[in-house]
Amino acid sequence: MHAVFLDKQTFNASIDMSEVKNQVKDLVCYNITSENNIIARSLEADIIITNKVPLTKKVLAALPKLKLVCITATGFNNIDIDAAKELGIAVCNVSGYAGQSVGQYVFSQLLNYFQQINHHNANTEKGLWSMSEAFCYHGNAIHELSGKTLGIIGYGNLGKTVHNIAQAFDMKVLISERPKVNKIRAGRVAFDQLISQSDIISLHCPHTLETEHLINAEVLNRMKDSAVLINTARGALVDEKALLKALKNEQIACAILDVLQQEPPPKNHPLLIKPLANLKVTAHIAWASIEAQQRLMQLLAQNIQAFKQNSLLNRII
C-alpha cells in the first residue's frame with residue numbers, strides 16, 4: 001500500500017517512523033500541505049496520514065485509490081466523515097497517547113503560577129537575595145495547591161490523568177457533568193456548581209457544536225475572581241473576546257492557554273498583540289512530549305496493520 005503523510009512537520013524531526021514504514025510499501029512525507037496541493041500529492045495514495053490537513057468531500061471524491069485516512073490526533077473535525085463513509089473510505093484516529101504529557105503540562109503551569117518559580121529565580125539573578133538583611137527574600141507570595149479545588153471539564157484519558165496527579169497534591173477535584181442536563185451521574189457535579197466553586201478549571205473536552213464557546217462571558221462572570229482557567233483541549237471551547245475582557249477587568253486571576261481558535265494565530269491576534277500579566281499562551285505543545293509523539297506513531301502503525309487484517313481498531317468509520 002502506498003501512503004502519504006501530508007503534514008509531518010506537526011511532529012518533531014527526531015520521531016522514529018520505522019514502525020509505520022514497515023506497514024506500507026512506501027511512505028512519502030511532506031512537511032506541510034496547502035489545500036491546493038492535497039489532491040495532487042494524494043492521487044496515488046491508498047493511505048493518507050494527516051494531523052490537521054482538511055479532507056473535504058471534494059478532495060475525497062477526487063481520490064479514487066484512497067482506502068484509509070489515518071488521523072494522527074484524537075479529534076477528527078478536519079475530515080468530512082459523512083463523505084468518507086459514502087465513498088467507502090475508512091477513517092481511524094488515535095487516543096490515549098498524551099495523558100502524561102498533558103498532565104505534566106497542566107501541573108508545570110500550575111506550579112509555576114502558584115509557586116512563582118520564574119519570579120523567584122529572577123530575584124536571585126538580580127542579586128536581591130544577596131542584598132537582603134534576612135536569611136530569605138520573599139518577593140511574590142507563594143501558595144499551595146493542597147486544599148485547592150480543581151474542576152475538570154472532560155473526563156477521558158486526559159482528564160483522568162490530571163485527576164490522578166491532583167490527588168498527589170491533596171487537591172479537591174470536581175468532575176463536571178455536561179451543561180444543561182437534568183441527571184447528574186455518580187461522581188460528577190453540575191456544570192454550574194463546578195464553575196462557581198473551582199479555584200482552577202482545566203478543559204479536556206472535544207470541540208463540538210455543544211462545546212463551542214463553552215467558556216463564555218456568562219460563565220466567566222460566575223467564576224471566582226481568584227480562579228485560574230487552563231485550556232489544553234481546543235481553542236474554540238473559549239470565547240476569546242469574552243476571555244480577553246474578563247482578564248483585563250480581572251474577573252478571573254489568570255488564564256493559561258495552549259490552544260487558540262485559529263492555529264497558527266495571526267500576529268495581530270487579540271490575545272497575543274499586547275501581553276497581559278495574567279495570561280500565558282503556549283503554541284499547542286501540551287500533547288507533544290517526545291514520548292507521547294512516539295507512542296502516537298506506534299498507535300498509527302497498529303491502525304494500519306489492523307486495517308490490512310480487516311480488523312477494526314480505533315475506527316471512526
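## Report on a predicted model

In this predicted model, the side chain of Asn303 comes to 2.9 Å from the backbone oxygen of Asn93. Asn303 is part of helix H11, which spans residues 290–308. Its relative accessibility is 2%, so Asn303 counts as buried, the cut-off for that class being under 20%. Setting aside neighbours within four places in sequence, the residues in contact with Asn303 are Cys92, Asn93, Val94, Leu313 and Asn314.

Ile15 counts as buried because its relative accessibility is 7%. Not counting residues up to four places away in sequence, Ile15 touches Ile290, Gln293, Gln294 and Met297. Ile15 and Val189 are 174 residues apart in sequence, and their C-alpha atoms are 40 Å apart in space.

**The sheet**

An open sheet is formed by 6 strands in the order E7-E6-E8-E9-E10-E11, with parallel pairing. Strands E7 (172–175) and E11 (279–281) are at the edges, each pairing on one side only. From one strand to the next, the twist averages 15°.

Two of the strand pairings can be given in detail. Strands E8 and E9 run parallel and are joined by 4 bridges; Ile200 stands opposite Val228 in E9. Strand E10 (residues 254–257) is joined to E11 by 3 bridges, and these two strands also run parallel. Here Leu257 has Val281 in E11 as its bridge partner.

Strand E9 is covered on both faces. Val228 and Ile230 lie on one side, Leu229 and Asn231 lie on the other, and all are buried.

**Helices on the sheet**

Helix H5 (residues 99–115) packs on the sheet, where it touches strands E6 (149–153), E8 (200–203), E9 (228–231) and E10. The direction of H5 makes about 155° with that of E9. Helix H10 (residues 240–248) lies across E9, E10 and E11 and runs at about 140° to E10.

The buried residues of H10 are Glu240, Ala242, Leu243, Leu244, Ala246 and Leu247. They pack against helix H9 (217–222) as well as E9, E10 and E11. At the start of H10, a side-chain oxygen of Asp239 reaches to within 3.2 Å of the backbone nitrogen of Lys241. After H10 comes Glu250, with a positive phi near 55°.

**Packing of H5 with H6**

Two packed helices are described by the angle between their axes and the distance between the axes. For H5 and helix H6 (residues 117–125), the angle is about 55° and the axes are 6 Å apart. H5 and H6 are therefore oblique to each other. On the H5 side the contact involves Leu111, Asn112 and Gln115, which meet Ile117, Asn118 and His120 in H6. By class, this contact of H5 with H6 has 2 nonpolar, 4 polar and no charged residues.

| Pair | Angle |
|---|---|
| H5 and E9 | about 155° |
| H10 and E10 | about 140° |
| H5 and H6 | about 55° |

Definitions and conventions
Residues numbered from 1 in each chain as written. Predicted model: local features only at pLDDT ≥ 70, side-chain atom pairs only at ≥ 80, totals over all residues. Heavy atoms only, no water. Pairing = 2+ DSSP bridges. Axes fitted to C-alpha atoms, helices over the stretch in contact; angles between N-to-C directions. Contact = heavy atoms within 4.5 Å. Buried < 20%, exposed > 50% of the residue type's maximum accessible area, 1.4 Å probe, protein only. Polar contact = N/O pair within 3.5 Å; in protein donor to acceptor, adjacent residues only side chain to side chain. Parallel < 35°, antiparallel > 145°, perpendicular 65-115°, else oblique. Nonpolar A, V, L, I, M, F, W, Y, C, P; charged D, E, K, R; others polar.
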